[in-house]
Each structure stands twice: as C-alpha cells, then as structure tokens.
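Hello,

Here is the structure I promised to send over. Have a look first, and my notes follow below.

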Amino acid sequence: MSTSTSSALLTDHYELTMLQAALRSGAASRRAVFEVFARQLPGGRRYGVVAGIGRVLDAVEDFRFGDEELAFLRDNQVVDEPTLDFLAGYRFSGDLYGYREGECYFPGSPIVTVEGTFAEAVLLETVILSILNHDSAIATAAARMVRAAAGRPIIEMGSRRTHEMSAVAAARAAYLSGFSSTSNLMAGHLYGVPTAGTAAHAFTLLHDSERGAFQAQIASLGAGTTLLVDTYDVAEAVRTGVELAGPELGAVRLDSGDLCEVATEVREQLDALGAHKTRIIVTSDLDEYAIAALASAPVDGYGVGTSLVTGSGVPTAAMVYKLVAREDASGVLAPVAKRSVGKPSRGGRKCAFRRLDESGTADAELVVTSGREPSGARPLQVPLVRGGEVVGRESLEASRAWHREAMAELPAAAHHLSRGDAALPTVFD
C-alpha cells in the first residue's frame, strides 16, 4: 500500500510519454501557455461556478516524483531513464492565474492559465482537470439548489452515494456554494465545513418501540435533537416526539411520501401540540426542481444527497486544458490553436473581465488577447502561483463570501432552472 502524499501519479500515462518525446526533440524547455476553459455549459446550465482552486493549489504543491513514484514508473517501463532523471527533480516553477474560487464562469472563460515550460505545464493537465471538472460541477448544482431553497438551509448528505474521497470534495464544493453543513466528518476535519446529522431508520428499528428509540435519542442528545418520524406512522411519531421532548423539540425529519402534503399536515399537528418552533427537515432524493416545488410548503430545511454528489445530472463541467501559445524558433511566444471539427480553440494568452451595466448587473464576459483592459469591467483572473510559489490561496469562508457576491451580479435570467443559453455572452477581442 502506498504511503506517499504526492499527487504526481494522479495523471495520465501519455502526459509522461509526451514529456519523454519532447525531451528527446529538445522542445520540452520551450515556454508554453495552457488554458482551462469550457466550450459550453453542459446540461443547458446558464452559468457555472468555479470550485476546486484551493485543491488545485494543494495538488500543484504536492506534485513531486519521489522514490516510490519513480520506482513505479521504472518497474512498469513507462518512461526511459533520462525522463526519470528529469522527473526526479521536477518542481513546477511557472505561474498560474485563474478565476477566484466561487466565481461564476461562462463558455470560453479562461478559468485557469498555466505558464511555464512545456515540460512543467503539460504534466499538470490531468490533475487540474480532474479537480476542477468534479468540484465545479458539484458547486454549480449546489448553487442552483441554494437559489431554489430561497434562504432555507440545506445539509449535504451524499457521502454514501459516491467515492469516499469524492464525497469529501463534494461536501467542500457544496459548502462553497451556500450549503449550510455536511454529514461528512472528513470534510469537517480537512476543510472546516460545519457538520450535522440526524438519525437513521435503523436506530428506531433497533429499539423495541419507537417511543423507546425517541427516549434514548432525547436522553442522549437533548430536546433540541431531530427525530426521524416516518419509520411507522408519521402522526403517531410526531405526537410521541412532542410528548417526550416537549415543545422544545428541535426538529422532525420526513424522508418519504408526498413531502409537500406530509409537511403541511405535520406543521398543523406540531402547532396544535404547541411545538411552534419545532422545525421540519425534508430529505428523499431531492434536487433543485424538487426543492423549488416545495417553496410554498412549511419546510424549514432540506437534506440533499445523491443529486448533489452527481452534479444533479451533470457530473462534469466539461472543462479542457489546451495549449494556446508556445515559444517559436525565434524565441517569441506565438499563439497556437487546434482546428479540429467541433473542437476548435482560440490561440493566444487571454485575460478576462466581467462587464457590468449601470445597475451593477453583469451583461457580458470579455475575453481579450490584446492586453487591453476594457473600461467599466472588473478583472476576473488573479495570481495563484508565481515562480512556483502559491500566492493566491484563500480560505473556504472567503471563497464562500466571494461566491455570494458573484451570484448577486448575475441577471435574473441566470437563475431560471430550465435549460437555456448562457446567461452572459462571451465576447472575444
């Protein structure tokens, strides 16, 4: 079992064989510029949310080929000895610029720009894309759910529906986009995401009666706990819960049935029993559409699992990592672009700006190669790495606050849940 903390093998075989060939041709040391962008927003989404920048910076710092990684490459004859010698001393010494975590993006947005030698920059493609594609897809779905919830809190609880480490990243991305907490303790440990939980049906079934289960839970966790009330009969469970905890009962959770109808009945029952402050939390395969449908129901909060960790049907942000400029034979950094049918790219190192109208509402994404800064627009890219040293790391709380500001700039049409075009046009100059 590996004990290495290196991120260097979180990559594709061909990254290393390309490096070997470039070292052989002498082109590996040429200056190069790569960009991460999405050609379109998958799933008919109207905006995307950048997430995973902090994890990318961690991965770049940890991208080192130690003895364990080099032994694996040598034993499996992935690359030759001169390439192994190069990798043994690999340290990314270039620059990264990118959108702040929590920022919104649109088709063609240069979300991350990687500048360095070809040899240094090409090796980072897979790890950067795997993080940004996953985390941004989750954050975008989460942002839509938060908007649909209209201020009601949402707990992330999808850990059992995805890979164990994807669950941690998903919890982080969901919190970035406005979820209030997660059930995942590792996300709390690594990233400081607030953790929360209720109880499972198994806890009720373990005891000889529902009353006995509720008594044990209240005795241990206090009257402010959340009781799961749909194991048997909901009305009877609510009655028992209030009888045992009193009107100070914290919350009840509903996990089945017609949630709107059942929540209405439970609210009436709680009020009749004097438990006016007892909250109603609903779960059961919720997504942004189900949350929006519950807008008029007397619901105080939501728990979202499967839909969140799968991006609510859009599990990838469809970002790519493309070479857009490279040093030519005369030493000039020249634009390059692929012309593949259906997959073209735009050459040249780009800068991005968000144009705002007089009311402060965003109306265009401006992507320029001229170096000219448009008037009346705010820059979108910030330095992330300079000379191989991380300079742009932000706390998750700071990114969460930035996300709220970025979302507030978007036009009203951006928040429609129906499929549609990007909320802002991307204007290239």
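Which residue in β11 does I281 stand opposite? I281 faces G301 there.

A word on the basis: this is a predicted model, where local features need pLDDT of at least 70, side-chain atom pairs count only at pLDDT 80 or more, and totals for chains, interfaces and linings use all residues. Residues are numbered from 1 along each chain as its sequence is written, and side-chain values use heavy atoms, with hydrogens and water left out.

Back to the strands (DSSP runs of E, at least two residues, numbered from the N terminus). β10 (279-282) and β11 (301-304) pair in the parallel sense over two bridges; pairing requires at least two DSSP bridges. They belong to an open, parallel sheet of six strands, ordered β7-β6-β11-β10-β9-β8. At its edges, β7 (181-182) and β8 (226-228) each pair on one side only.

An automatic or database assignment gives domain 1 (13-138 + 314-428) and domain 2 (198-299). Their C-alpha centres lie 45 Å apart.

Now the inside. A nonpolar core is a set of buried Ala, Val, Leu, Ile, Met, Phe, Trp, Tyr and Cys residues joined through side-chain atoms within 4.5 Å, buried being under 20% relative accessible area (1.4 Å probe, protein chains only). The largest has 111 residues, with F65 and L308 making the most contacts inside it. Helix α6 (125-149; helices are H or I runs of at least four residues) gives the most to this core, 13 residues. Both domain 1 and domain 2 supply at least three residues. Apart from this core lies another of five residues, including F353 and L366.

Best wishes

How values were computed: Buried means under 20% relative accessible area, exposed over 50%, partly exposed in between (1.4 Å probe, protein chains only).
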